[in-house]
Amino acid sequence: MHSALAHPAACENCSTPLQGDFCHECGQSAHSPVRSFGHAVEEVFESFWHLDGRIFRTLHQLLLPGRLAAAYLAGHRTRYIPPIRLFVILSVLTFFVARLAVHVDAGALVSQTPRPPEVPGAFRDATTNDEVQQVRRALLAPLQQSREAMPESLRAPIDSAIAKVDRQAAKRERELKEHPPVASAPKPAATKPFTVQDMATQKSDPVDISFLPGFANRWLTGQAEIIRKNLPRISERPQLLVNAFFGSVPSALFVLVPLFAVLLKVFYLGSGRLYLEHLVVALYSHAFLCVALLGILLLSMLGGQMATVPGAGVVIGLLITALLLWMPLYLWLMQRRVYAQSRLVTTLKFVALGWLYFTVVTTATVILAIASLARV
């Protein structure tokens with residue numbers, strides 16, 4: 001407890017005489033954050049993170065399927081962090097780590113190299129040895145680049161593909177030697193490969209989807225135009241797209257979580273629970289998914305650091321697989337514990353609910369990816 005000298009004699013909010021560190025009339029703290037830097041910092045963490053013993057107790061209960069949601073709905077709330085605060089903290093933390101963990105090298109998302117022609121047709125169309133060698137070089141260039149980037153033990157399939165291209169080239173050269181082609185009209189000059197930079201300078205057609213209203217088509221047309229202009233920059237720095245996508249996910253979840261609660265309300269109409277109670281279940285469900293995803297991201301980062309340790313990759317891979325399998329099982333157990341229905345009924349509702357929500361999440365992911373392309 002702080003001494004009486006640490007705060008004024010009366011509450012600064014309602015002027016009630018103080019008898020301790022908090023006003024018994026309005027509940028305001030007697031310590032002013034604008035007079036003490038220490039109290040200011042403490043208030044920031046107190047209001048948002050509230051890092052006391054409840055965080056560890058809450059996380060421990062969260063890892064047990066349905067335990068935390070059932071306790072909170074039963075009225076045992078003071079021991080745990082409120083669901084909305086827990087969800088906000090975990091979602092922001094998870095997707096912040098995702099931005100650090102997921103890296104995409106330049107050229108991995110949008111290739112600026114023209115795709116090599118198919119092997120049989122390419123050599124069949126060649127009418128001179130020079131053309132055969134040009135096709136051969138076009139086909140071998142990406143294969144040789146891939147071969148150099150791969151470890152020695154994984155080069156066998158690439159070597160086989162290179163040998164196949166060489167055999168095709170030699171076969172076509174023998175055919176040309178035995179049966180020279182009849183002279184024909186000269187071929188038109190080869191066109192310049194179409195690159196991402198060309199896409200940026202080419203005017204895009206207006207979007208016209210028949211079942212969408214005019215304003216939606218106009219919005220999509222504007223987004224397509226922005227994306228077209230952004231493609232060269234994204235091709236050079238694809239990490240911008242990754243960062244934009246993961247930065248947008250927490251905001252999207254604030255729409256998806258209430259929607260999931262609506263689905264729970266529909267599927268459990270006879271449960272007698274209010275919408276806000278279903279929202280609590282939805283918040284704790286997504287909070288757990290954030291914890292599981294955070295674990296997968298951290299394991300992936302650890303795997304990258306321990307790539308040279310024998311057996312580490314196998315162990316980390318098994319742990320990630322176990323987490324992926326545990327996620328749907330956890331949600332099924334949570335649904336059964338909270339709503340207390342039979343295994344069969346819970347399974348049927350879980351499958352139907354999961355299919356609907358997966359469709360919604362997939363659609364939202366596509367929309368979010370398109371929006372991220374326009375945001376970078």
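A: In this predicted model, the largest nonpolar core holds 51 residues, and those that touch the most other members are Leu62, Leu86, Leu264, Val281, Tyr284, Met334 and Val338. At least two residues of this core are supplied by each of α2 (53-62), α3, α4 (83-101), α10 (239-267), α11, α12 and α13 (343-375), and the largest share, 14 residues, comes from α11. Another core, of six residues, lies apart from the largest one and has Val135, Leu140, Ile158 and Val165 among its members.

Helix α4 can be followed along its length. Its buried residues are Pro83, Leu86, Phe87, Val88, Ile89, Leu90, Ser91, Thr94, Phe95, Val97 and Ala98. At 1.5 Å a residue, the 19 residues of α4 should span 27 Å, and the end C-alpha atoms are 26 Å apart, which agrees with that expectation.

The aromatic side chains come next. With ring centres within 6.5 Å taken as the limit for a pair, the count comes to six aromatic pairs. In one of these, the rings of Tyr72 and Tyr284 have centres 6.0 Å apart and planes at 75 degrees, so this pair is edge-to-face. Because Tyr72 lies in helix α3 (residues 67-73) and Tyr284 in helix α11 (residues 275-305), the pair ties together parts that are 212 residues apart in sequence. Tyr72 and Tyr284 are both buried.

Phe288 and Tyr330 form an aromatic pair of the stacked kind, with 3.5 Å from centre to centre and 10 degrees between the planes. Here Phe288 lies in helix α11 and Tyr330 in helix α12 (residues 312-339), so the pair ties together parts that are 42 residues apart in sequence. Phe288 is buried, with a relative accessible area of 2%, and Tyr330 is buried as well, with a relative accessible area of 1%; both values fall under the 20% limit for buried residues. Together with Trp326, Phe288 and Tyr330 form one aromatic cluster.

A charged side chain also meets one of these rings: Arg77 lies over the face of Tyr72, at 5.9 Å from the ring centre.

Terms used: Residues are numbered from 1 along each chain as its sequence is written. This is a predicted model: local features need pLDDT of at least 70, side-chain atom pairs count only at pLDDT 80 or more; totals for chains, interfaces and linings use all residues. Side-chain values use heavy atoms; hydrogens and water are left out. Rings of Phe, Tyr and Trp (its six-membered ring) pair if their centres lie within 6.5 Å; planes under 30 degrees apart count as stacked, over 60 as edge-to-face and the rest as tilted. Helices (H or I, at least four residues) and strands (E, at least two) are DSSP runs, numbered from the N terminus. Buried means under 20% relative accessible area, exposed over 50%, partly exposed in between (1.4 Å probe, protein chains only). A charge sits over a ring if NZ of Lys or CZ of Arg is within 6 Å of the ring centre and within 35 degrees of the ring normal. A nonpolar core is a set of buried Ala, Val, Leu, Ile, Met, Phe, Trp, Tyr and Cys residues joined through side-chain atoms within 4.5 Å. The expected span of a helix is 1.5 Å times one less than its number of residues.
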